[in-house]
Amino acid sequence: MRNYLLGLILLAWAGTLSANQDSEFIAARQAFQSGNAKRLDEYAPRLKRHVLWPYVEYYQLRMQLRTTDTASIRHFLTRYEGSLVADRLRSDWLKVLGKNQQWPLFDKEYPQLVNNDIELLCYAYQRRLDNGDQQVITDARAIWNTPTSLPDSCVGIFQSLILSGQISREDLWKRIRLALEEGQTGMATQVNRYLPSAEGLNAANLNSAAKNPLRYLEAQKSLVKSRSDREIALFALLRLLRNDTDQAHTQWLKVKNRLTASDRSYFLSRLGYRAAMRHDVRALDWFKEAQNTTQTYPPTDIVLGWQVRAALRVGNWNEVLSTINRMSLTEQQVDTWRYWKARALKTKGKVLDANTLFIPLSEEHSFYGQLAREELGTMLTIADKTYRVTNDEVKLMERKPGIQRALAFSRMDLRTEALREWSWTIRGFTDAQLLAAAEVARRNGLYDRAINTANKTVSQHDFSLRFLSPHRQSLKKILQQHTLDEAWVYGLIRQESRFIADIKSHAGAVGLMQLMPATSQWVAKQLGIQNFRQHLVTDVNTNLRLGTYYLKHVLSTLDNQPLLASAAYNAGPGRARRWRDQTRPLEGAIYAETIPFNETRDYVKKVLKNSMYYAKVLDHGHNSPTLKERLGVVAAK
């Protein structure tokens, strides 16, 4: 008994010591973030035995990086070679070296960097250009064609390419158009400086078009003559188009004859794109009109994707097939377009060609992989290739320094640092190691890390880790009150929060089922919960009770269709209703694919996919619905 009590005392003491050190680490981190080197140095000696001591050293070196000698930096990089914290310091050091043009050191350290970024990439490009590497011209173009601002380190490489004629005037105009299409007028103005003043954008006109595009077009429609005039007119039309298809189209008819054939094709493809997103039946006509003119600026894969979706909405399978074939080879390999291409081929009676696409796709654990299986007449199974980790594998994984650091960050609720450390540590893991790491995460209540890590396996899988089901007893009791499908609810929670009870989104949604404050208050009132306070939403049982009630409410108002209710849960019931077709029923998969919000479209697919796997993991038997049955047919408005 005496030894037992002593053990308890020692355990409690160790826990207190660890908690104290954690609080001191947080204080040291805050000192670093506020630039208080003196306070950081006060905490450092007390943290030498802490698992995150390498970060304390990093903080100290980082604050003195410009004056620290090379030997001290190299000593740190050597001691922590292969760690995230070493890579971070090397990245920080390389930026100092690049800015100071200390090229011999830069050249030696840069190849050892793992986590690269645009700032360092541009320094490296400049070095390659200085050394006569002509391939850098092709590589640099990949980042030149971006609408957003680039770091100062990129100015040198692009100035060199512009002055040497490797970036032409047409290249400058293309980037200006790309920036204006995204509303990045500041970026367009920066690029404009490289054009001769007599040829570039008229700054006053650009400002007028940005402030009031309709007024600008009404005033300037008969004055469109130069390249600057045409680009600003297109910019103004696109500004209108973001909010109103008809208004933009009306102005387009007034100005189109003053634009080149290429300009007309460009705008018509964007008109079709916006119209398709709004489920406007005129979209396909505009897309086709765009194809009938010269295309100096061919439509992007994003625009072509919406041309396919517009064709799906009206059942034009020939258009689906021909448009997918116009996409880049990389885009055509995306599971979405492989599936719809196969469906188009099957509709045209080319079953063998369709199956050539369906068969490999059916092996993928995705929404379209499941639909491909069903097209082939097979049902989802998860029993094959299951791998169960042993306790020895888990214990070995627990001893890895990177895993320990990630757990320590999580313990202190420093989620961003925990995620970075975890992601760094598991890179390059085998399937067995990934599953061992996932099991470590599960045992520590890090359900998001467990799921995301188990998702990475290639040939050996454990679907009970990919599709965790915590809080099952609590949820079962609640679900009985609403007759909701357990697999669907778990599929939704997995997508909403990865089972993190106290998570809060940027929009303000809270908890397992990501409830907005107004929704929580409304449901609490419906349930008659007295003295409800918002902080209660992070309680697991409370969150599940509120969330499932709201989900049932949404489901019952949307034809009891999980597809529509999933869309409504993410984007609101009004939008879910509005996305139905005006006059004809839609196959559920087509409704899902033509949801105009990228986030909601991806969300709905994943929730329904998750539901299929949960039905298997939770052993709902052979009578659980297929994915096509879950998707159903969406009635017309």
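Student: What should I know about the numbering and the model before reading it?

Tutor: Residues are numbered from 1 along each chain as its sequence is written, and side-chain values use heavy atoms, with hydrogens and water left out. The model is predicted, so to speak of a local feature requires pLDDT of at least 70 and side-chain atom pairs count only at pLDDT 80 or more, while totals for chains, interfaces and linings use all residues.

Student: How is a pocket defined, and what is the volume of the largest pocket?

Tutor: Rolling a probe the size of a water molecule over the atoms shows where empty space is left. On a 1 Å grid over the protein atoms alone, a pocket is an open set of points where a 1.4 Å probe fits, with protein on both sides within 12 Å along at least five of seven lines; lining residues have an atom within 4 Å of a point. Points are joined across faces, edges and corners, and the volume is the space filled by probe spheres set on them. Here the largest pocket has a volume of about 1,200 Å³. It is lined by 41 residues, and E496, S497, I503, S505 and Q514 are the closest to its centre.

Student: Which element gives the most to that lining?

Tutor: Helices are DSSP runs of H or I, at least four residues long, numbered from the N terminus. α26 gives the most to the lining of the largest pocket, with 5 residues. The lining divides into 20 nonpolar, 12 polar and 9 charged residues, where Ala, Val, Leu, Ile, Met, Phe, Trp, Tyr, Cys and Pro count as nonpolar, Asp, Glu, Lys and Arg as charged, and the others, Gly among them, as polar.

Student: What lines the second largest pocket?

Tutor: The second largest pocket has a volume of about 580 Å³. Its lining has 26 residues, with E182, Y273, T300, I302 and V303 nearest its centre. α18 gives the most, with 6 residues. The lining comprises 13 nonpolar, 4 polar and 9 charged residues.

Student: Which residues touch the most other members of the largest nonpolar core?

Tutor: In soluble globular proteins, nonpolar side chains tend to be buried together. A nonpolar core is a set of buried Ala, Val, Leu, Ile, Met, Phe, Trp, Tyr and Cys residues joined through side-chain atoms within 4.5 Å; buried means under 20% relative accessible area, exposed over 50%, partly exposed in between (1.4 Å probe, protein chains only). In the largest core, of 160 residues, F158, V320, W340 and Y591 touch the most other members. A second, separate core of 42 residues includes F32, Y43, Y59 and Y123.

Student: Why does the pair of F32 and Y59 count as stacked?

Tutor: Rings of Phe, Tyr and Trp (its six-membered ring) pair if their centres lie within 6.5 Å; planes under 30 degrees apart count as stacked, over 60 as edge-to-face and the rest as tilted. The whole structure has 29 aromatic pairs. The ring centres of F32 and Y59 are 4.5 Å apart and the planes lie at 15°, so the pair is stacked. F32 is in helix α1 and Y59 in helix α3, so the pair ties together parts 27 residues apart in sequence. Y59 is buried, with a relative accessible area of 4%.

Student: Where does Q101 lie, and is Q101 buried or exposed?

Tutor: Q101 lies in the loop between α5 and α6. At 55% relative accessibility, Q101 is exposed. Its phi is near 55°, a positive value in a residue other than glycine.

Definitions and conventions
Helices (H or I, at least four residues) and strands (E, at least two) are DSSP runs, numbered from the N terminus.
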